[in-house]
Amino acid sequence: MKSYILAHDLGTTGNKATLYDRDGKLVGSAFYGYNTRYDYTGWAEQNPEDWWQAVCNSTKKLLTQIPGLRADEVACITFSGQMMGCVPLDKNARPLRNAIIWADQRSVEQQNWLAERVSPSDVYRITGHRLSASYSLTKMLWLRDHQPDTFKATYKFVHAKDSIVARLTGKFVTEPSDGSSMNLYDLEAGTWSSKIIDAAQIDPAQLPELKRSIDVVGELLPSVADEIGLVAGTPVVIGGGDGSCAAGGAGVWREGSAYNYIGSSSWIALTTPKPIYDPDEKTFTFGHIIPDMFMPTGTMQAAGASYQWTRDQLCPVEVAAAQQLGVSSYEIINLNAEKSPVGANGLIYLPYLLGERSPRWNPRARGAFIGLTIRHTRADMVRSVLEGVTMNLRVILEAFTKQGAKIEAMRVIGGGSRGRFWNRVMADIYGMPVQRLAILEEATSMGAAVAGGVGVGLYKDFSISEQMNQIAEVVQPDPVAEKAYEKIFPIFEKCYQQLLPVYDMIAEAEYS
């Protein structure tokens with residue numbers, strides 16, 4: 001009996017293979033890492049052959065972990081993967097060069113070239129995203145300009161997960177979540193945008209076919225079955241991009257629900273029946289793994305990274321104590337931060353250690369402590385960091401609610417969401433319940449598994465995600481703290497706005 005779903009999550013540091021049963025229970029996982037090459041400033045590449053080896057090795061490792069499990073019990077293979085990449089494949093689904101991944105920013109010149117041929121505001125309204133070197137289209141154009149032989153030889157340009165699916169099945173496909181990370185996808189029409197294709201002067205035949213995330217797009221080819229360790233003919237469900245899969249795994253499958261991922265970076269994402277177009281383009285919208293739904297999103301750069309910087313630079317005492325006690329250093333840091341009152345005694349932190357994406361879109365922005373006095377303590381500084389990151393996320397949240405989005409509560413996932421103190425700060429600043437999920441760091445592979453399970457009929461619909469990843473704790477906002485933050489939030493906003501000319505002066509001094 002085919003009872004298991006095999007989900008692969010092709011992340012930036014490696015691939016995680018997970019196995020779920022027909023009841024939605026995680027029964028095993030295996031990880032296989034790979035490297036990223038940073039040959040030049042702004043470049044980031046990975047070898048797709050490493051992805052293939054990671055998928056094959058993690059699959060075999062996973063299947064051997066479970067006694068008595070037979071390969072023919074796997075009902076389908078499905079995928080989540082890193083987004084916004086550019087993988088040129090030949091007709092045999094073999095890569096023609098390294099993949100240019102999401103972190104690569106080399107194609108600014110191509111972004112500027114394209115901006116002269118199509119209005120950036122039109123790109124935002126069509127695709128839900130700003131025209132940016134972060135996305136796949138300008139990376140494709142960089143290959144056209146700098147490696148024309150590779151560009152001409154490319155049969156299809158795809159994403160990480162799509163390249164593996166093509167090798168498994170011979171089918172060159174993608175779906176709305178990854179398609180919408182290319183600056184080429186018409187969100188509302190659900191097709192490639194002819195207007196942008198014409199402006200970019202690319203051949204639409206080089207783009208993959210669009211399917212739904214839950215579609216069985218092919219079957220495992222006999223020629224690769226032994227290599228991956230599965231039975232030829234096993235159905236392959238395309239799945240989705242990692243952000244959209246994380247939404248599925250966080251139980252954010254219906255309108256009114258939202259989740260906040262807290263890692264090194266952080267984002268807030270919703271599930272809505274229509275895209276959300278922010279007048280100031282603070283946020284962006286992806287297609288969803290859930291058919292006919294969308295995922296409005298805002299991603300900030302240095303959330304957990306701000307917290308880690310604070311730990312490393314300001315908290316050596318707490319780090320040493322944690323090592324002696326055998327606990328997380330953040331637990332002790334939080335205990336100290338709780339001694340500081342709401343508002344950190346008037347200290348404001350701007351979390352722009354890496355410039356900023358959403359909501360500022362300002363690479364020149366810099367981090368700052370504002371209002372520092374001789375009476376402030378390390379506890380105040382730590383608390384102000386957590387508050388500053390969360391208030392920056394509130395700017396993203398308000399960009400959604402001002403456009404009519406209804407959000408009942410905020411689900412939190414990711415390693416940074418483990419701290420209950422930070423959960424309380426979030427509830428008070430967001431002014432809504434914060435729901436801490438039972439599984440914080442497996443949501444992405446879980447979302448892919450749900451898409452696969454729905455695709456082959458093992459799961460009725462995406463509502464099973466709420467059963468698979470239940471709410472472990474709900475933190476309600478404190479009315480007194482919530483009222484205090486209502487007064488502090490405008491100060492946070494004013495601090496950023498007033499520093500804009502200073503950021504420009506710093507940037508000019510740095511590069512003069």
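**Close-up views of a predicted model**

**View 1. Surroundings of Ser193.** Once its neighbours within four places in sequence are left aside, Ser193 is in contact with Ile126, Leu184 and Asp186, where contact means heavy atoms within 4.5 Å. This is a predicted model, in which local features need pLDDT of at least 70 and side-chain atom pairs count only at pLDDT 80 or more, whereas totals for chains, interfaces and linings use all residues. Residues are numbered from 1 along each chain as its sequence is written, and side-chain values use heavy atoms, with hydrogens and water left out. Ser193 lies in the loop that joins strand E11 (191-192) and helix H8; helices (H or I, at least four residues) and strands (E, at least two) are DSSP runs, numbered from the N terminus. With a relative accessibility of 4%, Ser193 counts as buried, a term that stands for under 20% relative accessible area, with exposed meaning over 50% and partly exposed the range in between (1.4 Å probe, protein chains only).

**View 2. Helix H4 and what covers it.** Helix H4 spans residues 136-146 and is mostly covered, since nine of its 11 residues are buried. The buried residues of H4 are Ser136, Leu137, Thr138, Lys139, Met140, Leu141, Trp142, Leu143 and Arg144. Their cover includes strands E6 (87-89), E7 (99-100) and E8 (156-158), together with helices H2 (108-115), H5 (148-153) and H8 (194-200).

**View 3. Asp178 in helix H7.** Asp178 has its place in helix H7, which runs over residues 176-179, and is buried, with a relative accessible area of 0%. If residues up to four places away in sequence are not counted, Asp178 touches Gln82, Met83, His159, Lys161, Asp162 and Gly241. Between the C-alpha atoms of Asp178 and Ala189, which are 11 residues apart along the chain, the separation is 15 Å.

**View 4. Glu219 in strand E13.** Glu219 belongs to strand E13 (residues 216-219). Beyond its neighbours within four places in sequence, Glu219 is in contact with Leu168, Thr169, Gly233, Thr234 and Val236. The C-alpha atom of Glu219 is 45 Å from that of Val475, a residue 256 residues apart from Glu219 along the chain.

View 5. A disulfide is a covalent bond between the sulfur atoms of two cysteines, assigned here to a pair of cysteine sulfur atoms within 2.5 Å, and a search of the whole structure finds zero of them. For Cys245, the closest cysteine sulfur is that of Cys76, at 12 Å, which is too far for a bond. Cys245 is buried, with a relative accessible area of 0%, and Cys495 is buried as well, with a relative accessible area of 13%.

View 6. The protein chain has 18 helices and 23 strands, and its C-alpha atoms fill a box of roughly 70 × 55 × 45 Å along the principal axes. Of the 512 residues, 60% count as buried. Among contacts with a separation of 6 or more, residues 24 or more positions apart account for 73%.
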